[in-house]
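Please open the structure in a viewer and keep the selection panel at hand.

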Amino acid sequence: MAVDYQPPQCLSRPIEVPSKLLMGAGPSNAAENVLKAGSLPLLGHLHTEFTQIMDDVKQGIQYAFQTTNTLTLAISGTGHAGMEAALCNLIERNDVVLIGINGIWGERAADMANRQGADVQTVTKVAGENFSLADIEAALLQHKPAVLFLAQGESSTGVVQPIEGFGALCTKHNCLLLVDTVASLGGEPFYMDRWQVDVVYTGSQKVLGAPPGTAPISFGPRAVAKIAGRKTPISSFYFDMNWLGNYWGCDSQPRKYHHTAPISSIYALREALALLANEGLENSWNRHRQSRDRLISGLAKLNLKPLASEPANRLTCITAIQVPDGVDWKSVTTHAMSMRVEIAGGLGPTAGRIWRVGLMGQNATDERVDRVLEVLAESIKSATAPVTVMGRL
Ligand code: PMP
């Protein structure tokens, strides 16, 4: 039988993928062995060799989050899937959920919590600032939430949110603490158990340096109790932690099919976690801090200022840089891209006002910091060169 529509011409050409230095807000460049792991032969999602790899991944995630929580696994999906999974498991209709908003990620979490039927309350700071314990305690007293959301790495503003002390505060106020570490895990110190964080998630494609598509997540005992005590079913079947926990071997029951895990992405995540384990978290945290410091001193020489005026508020993994007056931010990123170097623009409230330079995973090295500084300087020069009738001088 003849088809109604012909095969697309474009698919008769070989795929073309240029090699670029990904110094934006993510994904970052993955290591060769991580990419190679993704091309190993496929296995079935319940084959013992694969479930062994899942177990390795769980241990790697526990190490990265610094936790012994049993309910620790990788969601099949990107960072947003981690966010949605965390929220839909914790929230029941009309639960009060308090969201810290100091950039786009709080806004997204508030949107998702609204869709879950939560009574969403917010506590806000301007772009470039973060929350103190006193800010949050006042909001906890005012709103009496069941869940508090904070982003440790606000990638739209390049700001780090301190987490130490916030878990104890939430426990005191009978609230669960949910932390987004998509843009910070591996680059900023994070101690899930020590800091009493109830739920945390991250993404695979930033500091971990794996392809996008998996989102490590962990639920602590208070979060597990909240799920067990739900009066209504979890709104999402795909993100139901009861099912996922079973498939990932987190309970003592035989594993059942829930969905087909993205096999190749899990291989790649395993190798990325192995790189982190071999380097050691402290070394990785230090390397990211040193790279950020080198970038900040290089920026000062170019008369460029970070958005976060307070040095202690600056995230190691992503630096937000103020676009100087008279410079067209877009011409700069376009010029950088013509040199095969990605520099990101702003996002949400910071769109048009900043550039964002990511120093994540394989890209947090002196050599790559120097390269991005060189490209940024040249791109700004090119974007601000006087224009003649014939074009730029
Ligand atoms: N949270 C933060 C802090 C992020 O930086 C990002 C990605 N930029 C996300 C969540 C969403 O991750 P993804 O794009 O992988 O869905």
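A molecule is taken to sit in a pocket if more than half of its atoms lie within 2 Å of the grid points of that pocket. The model on display is a predicted one. In this model, the space taken by the ligand is the second largest pocket.

**Stop 1: the ligand and its shell**

Select the ligand first, and then display the residues that surround it: Thr78, Gly79, His80, Trp105, Gly153, Ser155, Asp180, Val182, Ala183, Gln205 and Lys206. Coloured by class, this shell divides into six polar, three nonpolar and two charged residues.

Asp180 places a polar side-chain atom 2.7 Å from a nitrogen atom of the ligand. On its own, the ligand has 390 Å² of accessible area, and the protein covers 88% of that area.

**Stop 2: the pocket that holds the ligand**

Hide the ligand and turn to the space that it takes, the second largest pocket. About 280 Å³ of space lies in this pocket. Its lining comprises 18 residues, and those closest to the pocket centre are His80, Trp105, Val182, Gln205 and Lys206. Select helix α3, residues 79-90, which gives the most to this lining, with three residues. By class, the lining of the second largest pocket consists of eight nonpolar, seven polar and three charged residues.

**Stop 3: the largest pocket**

Now select Val17, Leu22, Asn29, Ala30 and Leu35. These residues lie nearest the centre of the largest pocket, which is lined by 13 residues. The volume of the largest pocket is about 320 Å³. Nine nonpolar residues line the largest pocket, together with three polar residues and one charged residue.

**Stop 4: the cavity**

How many cavities of 30 Å³ or more does the structure hold? There is one. The largest cavity has a volume of about 40 Å³. To view its lining, select Thr157, Gly158, Ile296, Pro306, Leu307, Ala308, Arg314, Leu315, Ile318, Thr319 and Ala320. Strand β11, residues 318-322, supplies the largest share of this lining, namely three residues. The lining of the largest cavity has seven nonpolar, three polar and one charged residues.

**Stop 5: two backbone features**

Most residues other than glycine have a negative phi, and most peptide bonds are trans.

Select Gly26 and Pro27: the peptide bond from Gly26 to Pro27 is cis, with omega near 5 degrees. Pro27 is placed in the loop between β1 (21-22) and α1 (32-37).

Finally, select Asn174, in the loop between α6 (166-172) and β8 (176-180). Is phi of Asn174 positive or negative? Phi of Asn174 is near 55 degrees, a positive value in a residue other than glycine.

Key: Residues are numbered from 1 along each chain as its sequence is written. This is a predicted model: local features need pLDDT of at least 70, side-chain atom pairs count only at pLDDT 80 or more; totals for chains, interfaces and linings use all residues. Side-chain values use heavy atoms; hydrogens and water are left out. A residue is near a molecule or strand if one of its heavy atoms lies within 4 Å of it. A polar contact is a pair of N or O atoms within 3.5 Å; within protein, one must be able to donate a hydrogen and the other to accept it, and residues adjacent in sequence count only if both atoms are side-chain atoms. Accessible areas come from the Shrake-Rupley method with a 1.4 Å probe; for residues, only the protein chains shown count as cover. On a 1 Å grid over the protein atoms alone, a cavity is a set of points where a 1.4 Å probe fits but cannot get out, and a pocket is an open set with protein on both sides within 12 Å along at least five of seven lines; lining residues have an atom within 4 Å of a point. Ala, Val, Leu, Ile, Met, Phe, Trp, Tyr, Cys and Pro count as nonpolar, Asp, Glu, Lys and Arg as charged, and the others, Gly among them, as polar. Grid points are joined across faces, edges and corners, and a volume is the space filled by probe spheres set on the points. Helices (H or I, at least four residues) and strands (E, at least two) are DSSP runs, numbered from the N terminus.
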